[in-house]
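Take a walk through this protein, one part at a time. Keep the sequence and the structure side by side as you read.

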Amino acid sequence: MAAAVVRPAAAPRSSPEEVHRGRALFHRGVTASGEPLRALLGEEGVELSGQAAACANCHHSTGRGSQEGGVAAPDITARSLSRVRPEGTPGRTAGRPAYDVASLARAIQHGVDPAGRRLSIAMPHFVLSEQDMSALASYLSVLGEEKAPGVSDQALRVGALLPLSGPRAPMGQDVRDVLQAAIAEVNAEGGVYRRRLELIIEDESGAGAAQARLLETGVVALLNGVQPRDGHAEEESPPILMALPATDVPSGEAIFALYSGLSVQARVAMQHGMEADPKALHWAVVAPEDAAGRQWLAGVRTETSRREGVTLREHLYLADARSLESVVAALRRDPPSAILFGGTLSELQLLVAGLGNSAQQTAIYAPLMLGRPDGLSMAPEVARRVRFVSPVPLEAALHSRSPEFRSFLQRHSLSERHWVAQVSGYVSVKLLVEGLKRAGSGVTQAGLVAALESMRDFETPLTPPVSFGPSRRVGLLGASLVQMDPAANRLLPLASWRELTP
């Protein structure tokens, strides 16, 4: 939106509900009724709808404007709109009065400023109800003035959800120590824009309640967060930086995963298999009928659809041994060229044992994250036959690119018990700090999301370059291929880091 209205100082304060509705319009293009915002662009009246019509697209999430393709979108924060611009203002061809409530309809619906001049042709004409117009004005009346949750003049509060109780507690405690030490080093160097980082940690047991407590406290971001189960994150929610997404993360949500989920891992595994043996045209996918299995299956279907001559047999099984046994019997009768297995380690061992010698030439791929999270041993026949796909770059998993991180652990007398998880925590702090720097001293949650989206090929000491974007929520879109040496209980490289081929 190229111009709008701020309520006069004498007007009553807007209600939090109105500001909330206006925020949804500004950032996401969602009206009070839940319908997409509509706007008409240019003389041809090209219709924009929903997110494509949102004001933040041109004016930035901060409202401070942007320069895109030679078109300048001006500052529309409350301070800018409420100020009289006299004739001869530097950088402006003409002055204008301050915006007020009466200017709203002309500016938004007809593209006319308070002085009666036409706004830029790049300014859409919005279709808004009286209720939505009032809500948008309410939000603009505080845009640029309100502090984001977790932001004060002295500190930036960050939340973390970690497994601090139960069987995964040792790993959670090691990651906690890494986060605390990494943030302590940032603070020792002056913090971010002279604000210290303040870390608040909750036990992820009962994830919904723990996350709710952090949001109630007020945090500008979440580290190692739990992905919302309903798949929805509102525009004012803090961005979540996590290692592995529970499910594929849609673009537009405030969730940024460092590593790829199961669907990408399945695609990389199939790409590797087709390169290793171009004649392997008969594939089978074996996966449990649960969320993880469906994600694995979705990746296999996507990759299969890209390849001519490849056939795919789908075998889904229930969470009982008899169901899996019937799948194994079918595979034994008619062995495929390769199997993409998306179940657990114990189920994988049943598969390999059940196949026996009937399918010795059949390549088997399985996700390492489900089979061997951190040092889990496996039967020798499984280690020999299975190619594991890992979302973690092989260099990080094998400690071969880690002098900086090793030095960091030594400085703080930290263990190396859960290396991969600790690396993930360390890198997440690096990404957060870079995002906060890019968001600027007036950081907001929406501004931090936009800053993270701007990352392209960001170098970390432990991973390949990380990239995010408005339509990309996974920083490392790829995987590595490894096999296990059961005698030495270590990983053997099969294929180093592979970017996903679109």
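**From a hairpin to the core**

Start at a turn. Strands β1 and β2 form a hairpin with four residues between them, and in this hairpin glycine 42 takes a positive phi near 75°. The model is predicted.

Now look at the two strands themselves. β1 covers residues 38–41 and pairs with β2 in the antiparallel sense, over four bridges. Arginine 38 has serine 49 of β2 as its bridge partner. Alanine 39 stands opposite leucine 48, again in β2.

β1 has another partner, β5. These two strands also run antiparallel, and three bridges join them. Here leucine 40 has histidine 125 of β5 as its bridge partner.

Step back for the whole protein. It has 17 helices and 18 strands. Of its 502 residues, 51% are buried. The accessible surface comes to about 22400 Å², and carbon and sulfur atoms account for 51% of it. Among contacts with a separation of 6 or more, 61% link residues 24 or more positions apart.

One residue shows such a link in detail. Alanine 210 is found in helix α7, residues 207–217. Is alanine 210 buried or exposed? It is buried, because its relative accessible area is 0%, and buried means under 20%. Its contacts, leaving aside neighbours within four places in sequence, are Leu161, Glu202, Asp203 and Glu204. Leucine 161 lies 49 residues away along the chain, yet the C-alpha atoms of alanine 210 and leucine 161 are separated by 7.4 Å.

Next comes the interior. In soluble globular proteins, nonpolar side chains tend to be buried together. The largest nonpolar core here has 52 residues. Phe405, Phe408, Leu431 and Leu436 have the most contacts inside it. Several elements give two or more residues to this core: the strands β6 (155–162), β8 (221–223) and β10 (255–259), and the helices α6 (169–188), α15 (403–411), α16 (419–439) and α17 (445–453). Which element gives the largest share? It is α16, with 11 residues.

Leucine 431 is worth a stop. Not counting residues up to four places away in sequence, leucine 431 touches Leu241, Leu258, Leu452, Met455, Phe458, Val466 and Phe468. A second core is separate and has 28 residues, including Val328, Ile339, Ile364 and Ala383.

α15 and α16 pack at an angle of about 95°, and their axes are 12 Å apart. That makes α15 roughly perpendicular to α16, because angles of 65 to 115 degrees count as such. On the α15 side, the contact is made by Glu404, Phe405, Arg406, Phe408 and Leu409. Trp419, Gln422, Val423, Tyr426 and Lys430 make it on the α16 side.

Definitions and conventions. Residues numbered from 1 in each chain as written. Predicted model: local features only at pLDDT ≥ 70, side-chain atom pairs only at ≥ 80, totals over all residues. Heavy atoms only, no water. Core = buried A, V, L, I, M, F, W, Y, C linked by side-chain atoms within 4.5 Å. Buried < 20%, exposed > 50% of the residue type's maximum accessible area, 1.4 Å probe, protein only. Contact = heavy atoms within 4.5 Å. Areas by Shrake-Rupley, 256 points an atom, 1.4 Å probe, with all protein chains shown as cover. Pairing = 2+ DSSP bridges. Axes fitted to C-alpha atoms, helices over the stretch in contact; angles between N-to-C directions. Parallel < 35°, antiparallel > 145°, perpendicular 65-115°, else oblique.
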